[in-house]
Amino acid sequence: MHDLKAVSSLFDLRGDFVQGYSYGSGHINDTYCVWVDQAGLRIRYILQRVNHNVFRQPIPLMENVKRVTDHALKRLKEENCPEAYRRTLTLVPAVDGKPYALDADGNCWRVYPFIERARTYDQIETTKQCVEAARAFGDFQKLTADLPGEPLFETIPNFHNTTSRLAALKDAIQADPLGRVKEVQKEIDWYLSREADCHLVVDYLKSGELPLRCTHNDTKLNNVMLDDVTGEGICVIDLDTTMPGSAIYDFGDMIRTATSPAAEDEKDISKVTMRMFMFEALVQGYVSSAKSFLTPLEKSLLPFSGKLLTMECGIRFLTDYLSGDVYFKIHRPEHNLDRCRTQMALVESIEAQMDEMKAVVDRY
């Protein structure tokens, strides 16, 4: 347990520490809700310890978050948004003025004002929530589309580089440390037969045909806060993987994580399908805010994006299985293989519906 009172004293909270406790369902960082008494009024903040085992350079990461949130706030104020401080995360400075603080053990901490009257949902319950979350991610990209200065720091290099992910799979096949290749030749052949798809977006980015954007890179719908009353998507959270990337990556990961009713590790792949009504909800929400800045090529690749990001994730699961399950946590011997196969099934469902998906994008 961390001494939350001591850590809170590192930040300019303008009040007296009352209490703090673990908060939320995140798996990477340590997140706490901290109550502070400010001259008789109690308010709460989000206090987080950045996991330096996952994010090896937390200070450049925090500089990314500072740049992105400052720019988003500036844009919202320029648009005369009446709730500017509720529509973007903002960092509370440390007592030394930095956007983070280091404790005596070298841990990197940050504080955000608590966004009230809104919450996240681990399971999206309605298509309206899907529309609103997708719209919020589009708004986030729109707010950061003109971020000035040098490109953001890559917190996880080559995170969505599918060419690099495929190369890692080939290396794992060649090494075959546990002799598993012969058991999964069918799955290996399936992914390698789609190699050309893995290079497409990477090649477009290299040639400049696709623009490099400020992207979130973890667009699960539970990374959007929805208003308690209106249900509107108001604020995108979890900005640790915000770095240079493609809009295709962000929209594709929405398709991968939101359109199938099956769990990511479902053994019965007959349950895995890309639900068209959920895809249409994503398109409706995302395009309503993103169509003003997306290029024609980006718009044309929106249906393909789901196939690409699902393949990428499946490649990572298969690579980890061949390597001895060293990256993803497993709870049964073939857990990563099950995950790999669900991604395959979702890709095949997307491929079978690609023409209809293109028609949906054209409509919006």
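Okay, let's start with a question: which residue lies over the face of Tyr-121? It's Arg-119, sitting 3.9 Å from the ring centre. Bear in mind that what you're looking at is a predicted model.

There's another contact of this kind to point out. Arg-194 lies over the face of Trp-190, and here the distance to the ring centre is 3.8 Å.

Staying with rings for a moment: how many aromatic pairs does the structure hold? Seven. If you want to find some on your screen, go to Phe-251, Phe-279 and Tyr-286, which ring pairs link into a cluster.

Now, the annotation. An unreviewed UniProt entry gives us "domain: Aminoglycoside phosphotransferase", covering residues 24-261. Over that stretch, the chain is 36% helix and 18% strand.

Last topic, empty space inside. Rolling a probe the size of a water molecule over the atoms shows where such space is left. Here the count comes to one cavity of 30 Å³ or more, and the volume of the largest cavity is about 30 Å³. So what lines the largest cavity? You'll find Gln-141, Thr-144, Ala-145, Arg-213 and Cys-214 around it. Two elements give two or more residues each to that lining: helix H3, running 127-144, and strand S7, at 213-215.

Key. Residues are numbered from 1 along each chain as its sequence is written. This is a predicted model: local features need pLDDT of at least 70, side-chain atom pairs count only at pLDDT 80 or more; totals for chains, interfaces and linings use all residues. Side-chain values use heavy atoms; hydrogens and water are left out. UniProt positions are given in the numbering used here, feature names are shortened, and annotations may be inferred rather than shown by experiment. Helices (H or I, at least four residues) and strands (E, at least two) are DSSP runs, numbered from the N terminus. Rings of Phe, Tyr and Trp (its six-membered ring) pair if their centres lie within 6.5 Å; planes under 30 degrees apart count as stacked, over 60 as edge-to-face and the rest as tilted. A charge sits over a ring if NZ of Lys or CZ of Arg is within 6 Å of the ring centre and within 35 degrees of the ring normal. On a 1 Å grid over the protein atoms alone, a cavity is a set of points where a 1.4 Å probe fits but cannot get out, and a pocket is an open set with protein on both sides within 12 Å along at least five of seven lines; lining residues have an atom within 4 Å of a point. Grid points are joined across faces, edges and corners, and a volume is the space filled by probe spheres set on the points.
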